[in-house]
Amino acid sequence: TGRKYLNVFSKQTLYLGVSMFFEVLYCLHFQNAKEIVLKAQILAGGRGKGVFSSGLKGGVHLTKDPKVVGQLAKQMIGYNLATKQTPKEGVKVKKVMVAEALDISRETYLAILMDRSCNGPVLVGSPQGGVDIEEVAASNPELIFKEQIDIIEGIKDSQAQRMAENLGFLGPLKNQAADQIKKLYNLFLKIDATQVEVNPFGETPEGQVVCFDAKINFDDNAEFRQKDIFAMDDKSENEPIENEAARYDLKYIGLDGNIACFVNGAGLAMATCDIIFLNGGKPANFLDLGGGVKESQVYQAFKLLTADPKHMYNTFQPQVQILPYITLEFMMA
């Protein structure tokens, strides 16, 4: 859909800016750490293989010397990091996560997500973690395991134990993993998440099951219940026009074409984009006003569209489509 989910960085980590106190700070906090990890905080994947405009390669770095942390961070903060998921010029890094690194003896994948086809949450796991799960699904679909969870009854002990076993956790680690899975499901419900993805969900040489890295998507309809979480929304990497649209409760996503779409309802917006593609055009945006649109929102929506230089307005041909509960649909070319 055209829904823009909340953007949140790893808030349980340490954010640091470049300053003269780098070496002192790191020596104090990490003098007993065997290894330290630095991770550039941008809203894009593939950071480990990314390249900075400073020349530094990789948005994730490991070091055993606390004194090197400041040097690495200075080559990250304030520079653009380009990955396979960013624009060609990359995204400017304003924050760096610094944490004690843990050894991983084995990596698995675990996710809890809402699945419309199942009318509720689904537990998804694979013994192959630390890589793109899409690649695993394509090359080894037999290694993808699913457990459909009854939203009323909640996750059962047997389901958590079965998933832990399918992920390859043995002996005491099986119970540890099952316990973590149940706690993750409780978190999923408590924070009104649409997805909790842990990759890798692994084990250490010392015999601990750890969520090493995670991604969480939140249901924006639950903002009234999750005010503290939504207050952490980071809009600094959004396009200015997207932030302006959000001020008026409009859903706007910029695209690569030159035909503007102005639509009531996400479904109609997607259908309009499809029609444009099928007829040889390319949509310049996804703009959803919603079913309960007000006159002031329509006015602001037109202002947003006309302010975008990508759109072509020499010819303006409104196409009106009337459906139950939908007011009208405009397409501008």
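Of the 333 residues of the protein chain, 41% count as buried, where buried means under 20% relative accessible area, exposed over 50% and partly exposed in between, with a 1.4 Å probe and protein chains only. The model is a predicted one, in which local features need pLDDT of at least 70 and side-chain atom pairs count only at pLDDT 80 or more, while totals for chains, interfaces and linings use all residues. Residues are numbered from 1 along each chain as its sequence is written, and side-chain values use heavy atoms, with hydrogens and water left out.

The secondary structure of the chain comes to nine helices and 17 strands; these are DSSP runs numbered from the N terminus, with helices (H or I) of at least four residues and strands (E) of at least two. Among contacts in the chain with a separation of 6 or more, 62% are between residues 24 or more positions apart, a contact being heavy atoms within 4.5 Å.

Buried in α5 are Leu173, Ala177, Ala178, Ile181, Leu184, Tyr185 and Phe188. They cover an arc of only 135° around the axis, so they lie on the same side of α5, the arc being that of the directions from the helix axis to the C-beta atoms. The cover over these buried residues includes β8 (106-115), β9 (120-126), α4 (157-166), β11 (193-203) and β12 (209-211). On the face turned away from the buried side, α5 carries the exposed residues Pro172, Lys183 and Lys190. Just after the helix, Asp192 takes a positive phi of about 55°.

Aromatic rings come next. The whole structure holds three aromatic pairs. In the pair of Tyr185 and Phe188, the ring centres are 6.2 Å apart and the planes are at 20°, so the pair is stacked. For Phe, Tyr and Trp (its six-membered ring), rings pair if their centres lie within 6.5 Å, and planes under 30 degrees apart count as stacked, over 60 as edge-to-face and the rest as tilted. Both residues lie in α5 (residues 172-190), three residues apart, about one turn of the helix. An α-helix has 3.6 residues a turn, so residues three or four places apart point the same way. Elsewhere, the charged end of Arg106 sits over the ring of Phe169, 4.7 Å from its centre; this term requires NZ of Lys or CZ of Arg within 6 Å of the ring centre and within 35 degrees of the ring normal.

His61, in strand β4 (residues 60-63), is buried because its relative accessible area is 16%. Its side chain reaches the backbone oxygen of Lys57 at 3.0 Å, a polar contact being a pair of N or O atoms within 3.5 Å; within protein, one must be able to donate a hydrogen and the other to accept it, and residues adjacent in sequence count only if both atoms are side-chain atoms. Not counting residues up to four places away in sequence, His61 touches Ile36, Val37, Leu38, Leu56, Leu72 and Met76. Gln297, in helix α9 (residues 295-307), is buried at 11% relative accessibility, and a polar atom of its side chain lies 3.0 Å from the backbone oxygen of Tyr248. Asp150, in the loop between β10 (145-148) and α4, is partly exposed at 37%. The side chain of Asp150 reaches the backbone nitrogen of Ile152 at 2.7 Å.
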